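Work through the exercises below with the sequence and the structure at hand. Try each task before reading its solution.

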Amino acid sequence: MRISKVYSWFYGYYPWMVVFATTLVLFGSLSKSNSNQDEVPLKASKFQKPLRLPNKGYGYPPVLAYWISGSKGDSNKMVRLLKAIYHPRNQYLLQLDSGSSDYERENLGFLIESETVLQTFGNVNVEGKSYAVNKMGSSALAATLHAAALLLKINSDWDWFIPLSASSYPLMNQDDLLHAFTFLPRELNFIDYISNPGWKQRGEINRIVVDPNLYYKSNTPINYDVETRKPDAFEIFGGSPWVILSRSFMEFCIYGWDNIPRKLLMYFTNVAYPLETYFHTVICNSFEFQNTTLSNDLSFCSANSRR
């Protein structure tokens with residue numbers, strides 16, 4: 001008789017127990033959803049190969065590989081620049097540094113995916129991962145080499161590497177630029193350099209600096225040391241940080257079958273503004289590439305925008 005009463009009590013309250021348990025699960029799900037509403041899940045970087053490979057050879061225009069970089073609040077300017085320099089033959093890689101939020105990086109990907117023209121040829125990629133970058137330090141050089149390596153991995157069938165910032169804008173359209181480059185030797189490097197720049201006379205190149213962005217997640221100012229040094233194993237060259245570099249030279253810097261790119265990379269890790277000196281010094285100290293330069297970066301910028 002006691003057992004029957006227990007069962008009777010249980011079955012009498014069973015519907016209410018089910019409702020109570022369901023309510024707890026529902027509120028738990030809503031709470032978890034609300035706690036994550038500000039978090040934007042970033043997809044792993046999966047780069048797409050070009051859907052249509054352009055014709056290559058004598059008489060055909062070259063293929064330019066553009067890297068467009070930016071920071072917080074630059075996504076719209078990057079898309080504007082991309083549309084201004086877009087051409088079906090070229091390759092494009094866009095990347096925001098850690099100064100931007102997860103939402104900005106995800107939104108940049110959505111902006112690219114929403115443009116039908118950009119998706120037709122599959123030649124635009126967005127790097128979803130970010131890291132700290134300081135334009136004054138070696139983290140900027142590391143980011144540039146990383147971008148070139150990614151472009152080589154995505155599709156190595158390009159001719160020149162062109163890094164641009166979100167504030168850049170073309171002075172001529174891509175059809176005219178590609179036509180002008182069509183009959184040029186593909187091994188040419190457009191890099192503005194001199195062997196006795198003003199900062200070298202001031203001794204700035206000899207100052208040792210530490211770039212914390214190499215090991216911090218957030219953008220951080222560089223630190224200067226009181227110690228100085230003056231190398232004698234190579235001659236230092238410098239100039240404009242804006243360059244147009246051949247694929248063969250970028251492969252030389254990244255793969256490093258000669259020790260010069262690797263040795264100079266170690267040296268310029270502790271030099272201020274290495275983007276104004278690294279590629280210039282490598283190419284001028286390399287017997288293989290020192291005669292492939294044109295001392296002109298084909299860019300125009302005001303004096304205040306160089307740094």
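**Exercise 1.** Is aspartate 74 buried or exposed in this predicted model, and which residue does its side chain meet in a salt bridge?

Solution.
- Step 1. The relative accessibility of aspartate 74 is 15%. Buried means under 20%, so aspartate 74 counts as buried.
- Step 2. The salt-bridge partner of aspartate 74 is lysine 77, with 3.4 Å from N to O. The cut-off for such a pair is 4 Å.
- Step 3. Lysine 77 has a relative accessibility of 35% and therefore counts as partly exposed.

**Exercise 2.** Find the salt bridge formed by glutamate 115 and say where its two residues lie in the chain.

Solution.
- Step 1. Glutamate 115 pairs with lysine 83, and their closest N and O atoms are 3.0 Å apart.
- Step 2. Glutamate 115 sits in the loop between helix 3 (102-113) and helix 4 (116-120), while lysine 83 belongs to helix 2 (residues 75-85). The pair is 32 residues apart and links distant parts of the chain.
- Step 3. Glutamate 115 is partly exposed, at a relative accessible area of 25%. Lysine 83 is also partly exposed, at 48%.

**Exercise 3.** Describe the salt bridge between aspartate 102 and arginine 105, and state how many salt bridges are counted.

Solution.
- Step 1. The side chains of aspartate 102 and arginine 105 meet at 2.2 Å, N to O.
- Step 2. Both residues lie in helix 3, three residues apart, or about one turn of the helix. An α-helix has 3.6 residues a turn, so residues three or four places apart point the same way.
- Step 3. Aspartate 102 is partly exposed, with 38% relative accessibility, whereas arginine 105 is buried, with 9%.
- Step 4. The count of salt bridges comes to five.

**Exercise 4.** Glutamate 127 is buried; which side chain of opposite charge is nearest, and how far away is it?

Solution.
- Step 1. Locate glutamate 127 in strand 3 (residues 124-127).
- Step 2. The nearest side chain of opposite charge is that of lysine 129, 6.1 Å away. A salt bridge needs the nitrogen and the oxygen within 4 Å, and glutamate 127 has no salt bridge.
- Step 3. Look at the backbone as well: the nitrogen of lysine 129 there lies 3.0 Å from a polar atom of the glutamate 127 side chain.

**Exercise 5.** Which residues does aspartate 97 touch, not counting residues up to four places away in sequence?

Solution.
- Step 1. Aspartate 97 lies in the loop between strand 2 (91-96) and helix 3. At 12% relative accessibility, aspartate 97 counts as buried.
- Step 2. The residues touched are Gly70, Ser71, Lys72, Arg105, Ser130, Tyr131, Val133 and Asn219.
- Step 3. With serine 71, the side chain of aspartate 97 makes a polar contact of 2.8 Å.
- Step 4. Glycine 128 is 31 residues from aspartate 97 along the chain, and their C-alpha atoms are separated by 9.7 Å.

**Exercise 6.** Which residues of helix 8 are buried, and what do they pack against?

Solution.
- Step 1. In helix 8 (residues 247-255), the buried residues include Phe249, Met250, Glu251, Phe252 and Cys253.
- Step 2. The helices they pack against are helix 5 (138-154), helix 9 (259-268) and helix 10. The strands are strand 4 (160-165), strand 5 (189-194) and strand 8 (238-246).
- Step 3. For an example from helix 10 (residues 278-284), take isoleucine 283. Isoleucine 283 is buried, with a relative accessible area of 0%, and Phe249 is among the residues it touches.
- Step 4. The C-alpha atoms of isoleucine 283 and cysteine 253 are separated by 9.3 Å.
- Step 5. Just after helix 8, glycine 256 takes a positive phi of about 60°.

**Exercise 7.** What is the mean pLDDT of the chain, and where does pLDDT stay under 50?

Solution.
- Step 1. The mean is 80, and 76% of the residues reach 70 or more.
- Step 2. Residues 1-11 have pLDDT below 50, and this stretch has one contact beyond near neighbours in sequence.
- Step 3. Over residues 18-44 pLDDT also stays under 50, with nine contacts beyond four places in sequence.

Key
Residues are numbered from 1 along each chain as its sequence is written. Side-chain values use heavy atoms; hydrogens and water are left out. Helices (H or I, at least four residues) and strands (E, at least two) are DSSP runs, numbered from the N terminus. Buried means under 20% relative accessible area, exposed over 50%, partly exposed in between (1.4 Å probe, protein chains only). Lys and Arg count as positive and Asp and Glu as negative; His and the chain ends are not counted. A polar contact is a pair of N or O atoms within 3.5 Å; within protein, one must be able to donate a hydrogen and the other to accept it, and residues adjacent in sequence count only if both atoms are side-chain atoms. pLDDT is the predictor's confidence in each residue, from 0 to 100. Contact means heavy atoms within 4.5 Å.
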